[in-house]
Amino acid sequence: MIVALLNQKGGVGKTTLALHLAGQWASEGKRVTLIDADPQGSALDWSQQRARAGLPRLFGIVGLARDTLHREAPELARDADHIVIDGPPRIAGLMRSALLAADLVLIPVQPSPFDGWASAEMLALITEARIYRPDLAARFVLNRCAARTVIARETAETLADHDPPLLAATIGQRIAFADLAQTGRLVFEADADSMAAREIAALATEVGRLSP
Ligand SMILES: Nc1ncnc2c1ncn2[C@@H]1O[C@H](COP(=O)(O)OP(=O)(O)OP(=O)(O)O)[C@@H](O)[C@H]1O
Ligand SMILES: [Mg+2]
């Protein structure tokens, strides 16, 4: 399955969730390749951090921040159980190419009553991609979600009967994601029993079940 983490809004957790999904599946014995489709190269930077810290390689990372991504991805998919694409913010050409490559697009959103989680632009790109890829699936995933706050509940309610639908698995606001990113580690490597690690495992399981 090729899963693309996309949202033209910056800083919503595309890279964090892409790295953790890839890492989680790899730790379960799956063959995983991550495509860094962001010209900023944050996922590639992360893997270099990791190498410098002497940490073991969990999965391969390929930099493919170009419009031909959808033509190159199938080749990579042949040798992998899962491909995870870490998408760029605000680059329509790259977003389009990633959408054409993907079986599933995951749109990370943060709890917010008014902000652009379901921006018309993002949804228009999905609709457009479905002309060529009618089976393209899409889901919102709620990230940095503080449990039991009114705003989190309202966001979940707004998204509940929305298309694309919201995944049941949500990821909390957990400082470990930000702290560990600096050192090239994933949350389950630091503490496999932490809430963050459990949320990632549940997310990977739910997304894995959407496999075509
Ligand atoms: N669930 C979370 N809890 C706490 N911090 C988080 C969480 N998710 C992401 N972050 C932090 O928020 C910042 C932005 O996350 P990230 O880089 O994954 O977003 P992005 O969508 O890839 O951004 P960009 O659009 O710049 O590529 C990072 O510092 C990351 O560590
Ligand atoms: Mg990013």
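Which exposed residues does the face of H2 turned away from its buried side carry? That face carries Ala51 and Arg52. The model discussed here is predicted.

**Helix H2**

Helix H2 spans residues 42-52. Its buried residues are Ala43, Trp46 and Arg50. These three lie on the same side of H2, because they cover an arc of only 55 degrees around the axis. In general, an α-helix has 3.6 residues a turn, so residues three or four places apart point the same way. The packing partners of the buried residues of H2 are H1, E2, strand E3 (60-63), strand E4 (82-86), H7 and H8. Just after H2, glycine 54 adopts a positive phi of about 75 degrees.

**Nonpolar cores**

The largest nonpolar core holds 34 residues, and the members that touch the most others are Trp25, Leu34, Phe59, Leu106, Leu203 and Val207. H2 is one of the elements that give two or more residues to this core; among the others are strand E1 (2-5), strand E5 (104-109) and helix H9 (195-209). Helix H1 supplies the largest share, seven residues.

Leucine 34, one of the members named above, falls within strand E2 (32-36). Leaving aside residues up to four places away in sequence, leucine 34 touches Ala18, Leu19, Ala22, Ala43, Phe59, Gly60, Ile61, Val62, Val84 and Asp86. Ala43 in this list is also one of the buried residues of H2.

A second, separate core of 31 residues includes Ala73, Ala98, Phe140 and Leu166. Phenylalanine 140 sits in strand E6, residues 137-142. Is phenylalanine 140 buried or exposed? Phenylalanine 140 counts as buried because its relative accessibility is 0%, and the cut-off for buried is under 20%. Its C-alpha atom is separated by 9.7 Å from that of threonine 170, 30 residues apart along the chain.

**Ligand 1**

Ligand 1 is surrounded by 18 residues, and the closest are Lys14, Thr15, Thr16, Asn143 and Gly172.

| Residue | Protein atom | Atom of ligand 1 | Distance |
|---|---|---|---|
| Aspartate 38 | polar side-chain atom | oxygen | 3.5 Å |
| Glycine 172 | backbone N or O atom | nitrogen | 2.8 Å |
| Arginine 174 | polar backbone atom | nitrogen | 3.0 Å |

On its own, ligand 1 has 640 Å² of accessible area, and the protein covers 80% of this.

Terms used: Residues are numbered from 1 along each chain as its sequence is written. Chains are lettered from A and ligands numbered from 1 in the order in which they are written. This is a predicted model: local features need pLDDT of at least 70, side-chain atom pairs count only at pLDDT 80 or more; totals for chains, interfaces and linings use all residues. Side-chain values use heavy atoms; hydrogens and water are left out. A nonpolar core is a set of buried Ala, Val, Leu, Ile, Met, Phe, Trp, Tyr and Cys residues joined through side-chain atoms within 4.5 Å. Buried means under 20% relative accessible area, exposed over 50%, partly exposed in between (1.4 Å probe, protein chains only). Helices (H or I, at least four residues) and strands (E, at least two) are DSSP runs, numbered from the N terminus. Contact means heavy atoms within 4.5 Å. The arc is that of the directions from the helix axis to the C-beta atoms. A residue is near a molecule or strand if one of its heavy atoms lies within 4 Å of it. A polar contact is a pair of N or O atoms within 3.5 Å; within protein, one must be able to donate a hydrogen and the other to accept it, and residues adjacent in sequence count only if both atoms are side-chain atoms. Accessible areas come from the Shrake-Rupley method with a 1.4 Å probe; for residues, only the protein chains shown count as cover.
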